[in-house]
Amino acid sequence: MLQEESDLSLIIAQIVQKLKGSNLYSQLERQAWGSWEKRILKSLNSMCTELSIPLARKRPVGEQKELLNKWNEMGTDEPDLSLFRPVYAPKDFLEVLINLRNPNYENGDSLSFRTHLGLIQVPLKVKDIPELKECFVELGLNIGQLGIDDSTQVPPELFENEHVRIGQKVLAQQDSAAAQQYIRQGSPTALRAELWALILNISSQPEDVLYYEQLKTNVIQHDLLVDSLIYKDVKLTASNDDYYFVFEDYLYQVLLCFSRDTSVLSHFAFNSASPPKSYIRGKLGLEEYAVFYPPNGVIPFHGFSMYVAPLCFLYHEPSKLYQIFREMYVRFFFRLHSISSHPSGIVSLCLLFETLLQTYLPQLFYHLREIGAQPLRISFKWMVRAFSGYLATDQLLLLWDRILGYNSLEILAVLAAAVFAFRAVNLMEVTSLAAAEAVLADLSTLKVMPLLQIFLFATVT
Amino acid sequence: MAGKVKWVTDIEKSVLINNFEKRGWVQVTENEDWNFYWMSVQTIRNVFSVEAGYRLSDDQIVNHFPNHYELTRKDLMVKNIKRYRKELEKEGSPLAEKDENGKYLYLGLCVFHRLMFSVNIPRRPVQPWIMILSHRFKKCVPKDSKTSSFVSQSNKEAYVISLYINNPLLIGGRKFDLRLYVLVSTYRPLRCYMYKLGFCRFCTVKYTPSTSELDNMFVHLTNVAIQKHGEDYNHIHGGKWTVSNLRLYLESTRGKEVTSKLFDEIHWIIVQSLKAVAPVMNNDKHCFECYGYDIIIDDKLKPWLIEVNASPSLTSSTANDRILKYNLINDTLNIAVPNGEIPDCKWNKSPPKEVLGNYEILYDEELAQGDGADRELRSRQGQSLGPRAGRSRDSGRAVLTTWK
């Protein structure tokens, strides 16, 4: 790992800036991530040995032809996946986070950090409601929002029509910064695909399409063990989802290419993690024969395909869908399953969630803790997946609008807390973790913007 | 005074029975005094047949119109639509306008384009078609395998040649059709309601137009009953999407105006089909009917009517499905049997807005005529879908129709 840092000397200045104020934690991160990484690699390797399947192999020509023919309907394939299991699930990852401790830190000394009764025991700085209100000022009560002010009871002349007009202007001028500001109030459905592309700086150039085609060729020529994990994940999650089952084939087309895309490795520069390595057969331990495995350095976990699924509602051209997803991943999603002290990293999000709950809904928090239902155990999976698969798609897209608009994932923690606040009455009556899970099992009817608005701006603090 | 409603049914479905029971209605047999009979289409034939001599009293309601087959039998539907079109043409109605190729601009509703009594299929048809035996009186035998012509053994056979839509709209590479529920409480004046929660039924197999695939039943026929036997059928979502998903997808990928236009056209097709059969329908005051409309959309976002079912399936393929059908029956009963009390057929069949549930008024002839009938024609011609597209601001009016 030290070797990589010296190679990335130009990027170090950026890393330092990003980890500003948290240099203390870099050692902690590396240790924690290091042991976690070892675990998942071990899991991957043992699956490999058990099933006698190599991590990677070149496909025979006949198989290549077959795959090319079936490229648009890989979903109809029924490979035997019964022996494969996801390398890890979000709850495994949560256990790792719970056990994070900073060895340099002593609880007793600190006066500034209140006793934290949640699961996360790492004292990172998180925002409180007044700070969140400042940050998310455009979500305020007196500002028009899509997701609230476009409902059927509200005449469109009041907000919606004008908002659409402004959106069209922003697109006409191709102004990325303006688009990002604009989308904080939500995007009209008809403009969303273009707005997201503008904000993410995706324009389908011929070289982008070519790049995607090259990845596709890669998939055809080589078979990776990770492919089976991807298949399994799609079959377990998206294929059974009421909204996303239709797009099953697109998911394979995106994820198989994604796992071979080495340009994704560059995001590790902003990540204290490092991509897992593997060695060419027979050359174990020899650095010259080390390759990143999978080539993009990302081992998919249970539910990973749900990052892609909602995007299928917006983009039906595979290479564009691919680019958008890749950019979303390296900007946002990677932070949800790696350890860092970044304010949008999953550790901070968990802490933000717990702190919000403990500070502003103390009765609920204590009650749940008493009955053995630590709130984070329920909300963790929502945040790791950025709520994909839990909310109705139109609501999810409104939420992801704000992620793009504010360039931050903190809104996920705020929403999680808002959901608990919304169901507080029922939660106060439960007496077990299972019952609490049941109260929060179905989020598909929730309207996210009113929940967020009320939690941030209409709750007495 | 107000006794309990007595109900009978010959369709043993839980979504029905649970709804009757939750209203505290009492189950009786068909030989006793009943108020409400949810019957199959076979039974309605018996009830209203001349021989049966059945007289329904004022406090009895049934869930079918006596001659619903004018709408639900494909050959009769085609006949009625043709007659309707001719009448409009004679009146000089702008609705019957045709384009340069002689095609109806506004009334080219359905998939079917030819009605035949014996079939002589050209050897090399230009476009593939499906032959559907509309009404079976007797079997037919192939005369000659080379020319593929059939001889009917009786003059009483009706076939419908359907234009095969070989450019259906595909989503995720899959073909689908739409199932929409429409409740008609009276034909004259026409009063119909559209259930907001229709759904799309997806094929489990990828669609390819190559002829070798024409044999694959699962690719082309999207009815769930058939899809269920395909290998890939999923019991969680049942291959179904809500209409609101479809709307979100189309708005996001194609734009809002064309999507609104599509939905407007779908509503238009349904209302026109009902108007076409209204004159010949026996508008018995004891009757209401809930139809299942099957519609397919092509890749130019034009909807086509495939068929209308008088007895849409009440079997549930998934948990969501069960909830949907339960609510469908619930809302239907709320409209057809006001307040859940013993019905009186003399009532004006105008339920208050609050009981509509998930139904929306699709077309109310009385209201429309109150506004002036030519309003409909003017706005349809103008196709002004701008500010009035989508949601109407008037409460109590027909919400769905911008062209009313």
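**View 1. An aromatic cluster in chain A.** Y88(A), F93(A), W196(A), F258(A), F301(A), F304(A), Y307(A), F325(A), Y329(A), F333(A), F380(A) and W400(A) make up one aromatic cluster. Rings of Phe, Tyr and Trp (its six-membered ring) pair here if their centres lie within 6.5 Å; planes under 30 degrees apart are stacked, over 60 edge-to-face, and the rest tilted. Over all chains, that rule gives 47 aromatic pairs. This is a predicted model, with pLDDT of at least 70 needed for local features and 80 or more for side-chain atom pairs, while totals for chains, interfaces and linings use all residues. As for bookkeeping, residues are numbered from 1 along each chain as its sequence is written, chains are lettered from A and ligands numbered from 1 in the order in which they are written, and side-chain values use heavy atoms, leaving out hydrogens and water.

**View 2. Two edge-to-face pairs.** A pair of aromatic rings is described by the distance of the centres and the angle of the planes. For F365(A) and Y366(A), the centres are 6.3 Å apart and the planes sit at 75°, so this pair is edge-to-face. F365(A) is buried at 0% relative accessibility, and Y366(A) is partly exposed at 38%; buried means under 20% relative accessible area, exposed over 50%, and partly exposed in between (1.4 Å probe, protein chains only). Over in chain B, the rings of F65(B) and Y187(B) have centres 4.9 Å apart and planes at 75°, so they are edge-to-face too. That pair ties together distant parts of the chain, 122 residues apart: F65(B) is in the loop between β4 (61-62) and α3 (69-72), and Y187(B) in the loop between β11 (174-186) and β12 (191-195). Helices (H or I, at least four residues) and strands (E, at least two) are DSSP runs, numbered from the N terminus. F65(B) is buried at 0% relative accessibility, and Y187(B) is buried at 0% as well.

**View 3. Helix α10 of chain A and its buried face.** α10(A) covers residues 206-221, and its 16 residues reach 23 Å from first C-alpha to last, close to the expected 22 Å (1.5 Å times one less than the number of residues). Which residues of α10(A) are buried? They are Y212(A), L215(A), K216(A), V219(A) and I220(A). Cover for the buried residues includes α4 (61-69), β2 (222-224), α12 (248-258) and α13 (318-331) of chain A.

**View 4. Helix α11 of chain A, largely enclosed.** Of the 12 residues in α11(A), 10 are buried, so the rest of the structure largely encloses this helix. Among them are D227(A), K232(A) and D233(A). The end C-alpha atoms of α11(A) (residues 225-236) are 17 Å apart, which agrees with the 16 Å it should span.

View 5. Most residues other than glycine have a negative phi, and most peptide bonds are trans. N201(A) has a positive phi of about 60°, lies in the loop between α9 (189-199) and α10, and is exposed at 57% relative accessible area. L301(B) also has a positive phi, near 60°; its loop runs between β15 (289-297) and β16 (303-309), and the residue is buried at 8%. The peptide bond from R188(B) to P189(B) is cis, with omega near 5°, and P189(B) is in the loop between β11 and β12 of chain B.

Methods
Contact means heavy atoms within 4.5 Å.
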